[in-house]
Amino acid sequence: MMPRALIILALVALTACGSRQDTADRDTNLRQLRNPSGTPEEFSIVPSKPLQAPESLSELPNPTPGGENRTDQTPLKDAVAVLGGSPARLNVQAGIGAGDQALVARVSRFGREPGIRKQLAAADQEFRERRSLFNWRLVPQDTYNRIYRNQTLDPYATLEAARRAGALTPSAPPR
């Protein structure tokens, strides 16, 4: 019995010595979409658009740090332009768009918290830090599903509750 306990203790000690990624990096990449093999990722190489020279150097646009660049890929805007639409409509506008004003007015009828996104991000970060204290496994798993497992809804139980309440519900795929 004693040798078996020593073997288990040795395995636990060896796994603790293995290299682990930084906690902050692990928390920001909950889905762990990375290439673990160390080889180049062929889908991350994106060619840029060709450089454009202006007619005169006085026509150069002002620099926009962190903003768009003329040579950046814009696949959505390119698709809209090819289909005959206006790519400028995809630019982020300040404020609430005309199509969303009625929705925002309806959901804000009882008031709204102006800094809710920052508050939720801070609360979520605090939650993940509490969970990361005991968040280790011998075999890697999907971190996102493990951390938020207790906060997910059972879709079939919700569907049955809605049907019992008399709501018209669409059909659902089998379990």
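Trainee: Leaving out residues up to four places away in sequence, which residues does Glu-68 touch?

Mentor: Start with the idea of a contact: heavy atoms within 4.5 Å. Here Glu-68 touches Lys-77 and Asn-91. Residues are numbered from 1 along each chain as its sequence is written, and side-chain values use heavy atoms, with hydrogens and water left out.

Trainee: Is Glu-68 buried or exposed?

Mentor: We go by relative accessible area: buried is under 20%, exposed is over 50%, and partly exposed is in between, using a 1.4 Å probe and protein chains only. Glu-68 is exposed because its value is 56%, and this residue sits in the loop between H2 and H3. Lys-77, at 16%, counts as buried. Across the protein chain, buried residues make up 9% of the 175 residues.

Trainee: Where is Lys-77 placed, and with which side chain does its side chain make a polar contact?

Mentor: Helices are DSSP runs of H or I with at least four residues, strands are runs of E with at least two, and both are numbered from the N terminus. Lys-77 belongs to helix H3 (residues 75–82), and the protein chain has seven helices and zero strands. A polar contact pairs N or O atoms within 3.5 Å; within protein, one must be able to donate a hydrogen and the other to accept it, and residues adjacent in sequence count only if both atoms are side-chain atoms. The Lys-77 side chain makes one with the side chain of Asn-91, at 2.5 Å. Beyond residues up to four places away in sequence, Lys-77 touches Glu-68, Pro-87, Leu-90 and Asn-91.

Trainee: Where in the protein chain is confidence lowest, and where highest?

Mentor: Here is the general rule: where pLDDT is low, the predicted coordinates should not be read in detail. The mean is lowest in helix H2 (residues 23–28), at 48, and highest in helix H7 (residues 155–164), at 91. Over residues 19–26 the pLDDT is below 50, and beyond near neighbours in sequence that stretch has eight contacts in the model. The protein chain averages 77, with 75% of the residues scoring at least 70.

Methods:
This is a predicted model: local features need pLDDT of at least 70, side-chain atom pairs count only at pLDDT 80 or more; totals for chains, interfaces and linings use all residues. pLDDT is the predictor's confidence in each residue, from 0 to 100.
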